[in-house]
Amino acid sequence: MLKRSLVAVRQSNWKLYLPVYAGFTLLFFFVSMVVNPLFVKHHMWMYSMDFFAEMRDAHLITWGGYQLLYSSGTGLVVPPLGPLSLTPLAALSSMLGLVEPFPYPLVNPSVMFIAIPYFALFATLFFYAARRFTARFGTTKSLMLELIATTVASFTLMPWGHIEDVAAMAFVLLGFVSLSKANYRSSSYLFGVAIAFQPFALLFVVPSILILVRSGRESVIALLRAAIPTFVVYFPLLITSPTSTLHTLMHQNNYPSVDHLTVVGLSIEGRSKVIAAGPPRLLLVLLTVGISLCIRYARRPSIRSYGEVFLIVSLISAARIFFEPVMVPYYIVPTLAYLILSGIFFDSQLKIRSLAMLFASAIILYLASTKMSALSYSACLYVGTLLVSSSTSLWFIRYSLESEVLRRAIEPYHFGADRDLEDEVSHYERRSRFGVVKDEAAINLDAVPPRGIGGGADN
């Protein structure tokens, strides 16, 4: 797996990735230091307190306190791989003596000059994953689609600062590409890294494995491999502070006064100051496993392409929006990014559709960031999600029914058969207009006996 990854990195078009990295760096600087002061008093830069809370825990790790993440009273809820991935930035911040705006906010914290370029690294990682995804399944150039998907995914970076969500989405896409090539081992570990970054990747990983892996034994092994990275990052915490770690994982407290209360939270805890989001999230994971098993054993023979699988899994991931007791706007981003990327499977009017999805995503994210009553907020959020999901599904169904040849050219669905897209495309390209493969050896008819090769009457 590592060898393939290094080869892919060497073959990457760095003339494209460097401008993308520079572009997102400038975009984040512009939004934080130019756009935000126009709308906020005191000319305050835009940044996330959640991000600097993770930075505090990254400093704790650099000081050798990894085992204290859930027991030090910091209130950390995010997975530990997030702060772990921030340790280089924390070390650099300490080396430069920069003051970070936590727990007390600052107007213009100088640490943003190194934090924003760090954000852009994760945006570029997602762009790389999206490009690998579109190169695997696409039939036309799709740079606009990749940039739009990366822009929507970057909403979790600026202003929210949650690098772990962007990393999880990137590794989910890389794992799906690997799984489509029947590379079960590498796809499992890529999926596992995604889960270790953000456990909600389970909503994508579990259905993908259970639908695409034909053998029951192989699917169980793939799920176990995917659990290894998560076990590795949580094991020291479970050994040193089991009670506080389990309490944090099971409760996952959310705060309606800070974020957006939904009808789910209203029905669970009313207007309490703290709502435990752990139980409904655990219920969502169990429901996802049940739906995935139903699709595996009842509907799998009717699925004919990886595009159908990807769209189904994208719709399953949208279930999180309907289960959250307290919503934060960036919770919607993974579903929107997946639905945008699903356009690569039906490239009819790809640019128009991508721009329409960008516009729809902007509206939904704006509504998700607006303060309303729990009923009004839930109605806007649920209706918007249903409209975007249903329109994408209808577009896909219409196009897939009208383009059977393109569906086969993309990749026939063979329950994980080891077939590569390049081989499939070259197979069609090598044929002449009469369906004959040009580079096949010519048949010497003079060498054939008069009564056939076998010579018998039956032949």
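Modeller: A salt bridge here is a side-chain nitrogen of Lys or Arg within 4 Å of a carboxyl oxygen of Asp or Glu. The model is predicted, so local features need pLDDT of at least 70 and side-chain atom pairs pLDDT 80 or more, while totals for chains, interfaces and linings use all residues. Residues are numbered from 1 along each chain as its sequence is written, and side-chain values use heavy atoms, without hydrogens and water.

Colleague: How many salt bridges does the structure hold?

Modeller: Side chains of opposite charge can pair when their charged atoms come close. By the 4 Å rule, the structure's count of salt bridges is four.

Colleague: Which residue forms a salt bridge with Glu-146?

Modeller: Helices are DSSP runs of H or I with at least four residues, strands are runs of E with at least two, and both are numbered from the N terminus. The closest N and O atoms of the pair are 2.6 Å apart. Glu-146 lies in helix α7 (residues 143–153) and its partner in helix α6 (residues 112–137), 15 residues apart. The partner is Arg-131.

Colleague: Is Glu-146 buried or exposed?

Modeller: Buried means under 20% relative accessible area, exposed over 50%, and partly exposed in between, with a 1.4 Å probe and protein chains only. Arg-131, at 26%, counts as partly exposed. Glu-146 has a relative accessible area of 2%, so Glu-146 is buried.

Colleague: Which residues are joined with Arg-281 into one network?

Modeller: Arg-281 forms a salt bridge with Glu-324, with 3.0 Å between the closest N and O atoms. Arg-281 is in helix α14 (residues 278–299) and Glu-324 in the loop between α16 (319–323) and β4 (326–327), 43 residues apart. Arg-281 is buried at 8%, and Glu-324 is buried at 1%. Through shared partners, salt bridges join Arg-281 with Arg-320 and Glu-324.

Colleague: What volume does the largest cavity have?

Modeller: On a 1 Å grid over the protein atoms alone, a cavity is a set of points where a 1.4 Å probe fits but cannot get out, and lining residues have an atom within 4 Å of a point. Points are joined across faces, edges and corners, and the volume is the space filled by probe spheres set on them. Three cavities reach 30 Å³ or more. The largest cavity has a volume of about 170 Å³.

Colleague: Which helix gives the most to the lining of the largest cavity?

Modeller: The lining has 15 residues, and Arg-320 is one of those closest to the centre of the cavity. At least two residues each come from α8 (163–180), α10 (202–212) and α17 (333–341). With four residues, the most comes from α8.

Definitions and conventions
1 Å grid on protein atoms, 1.4 Å probe; cavity = no way out; pocket = protein on both sides within 12 Å on 5 of 7 lines; lining within 4 Å.
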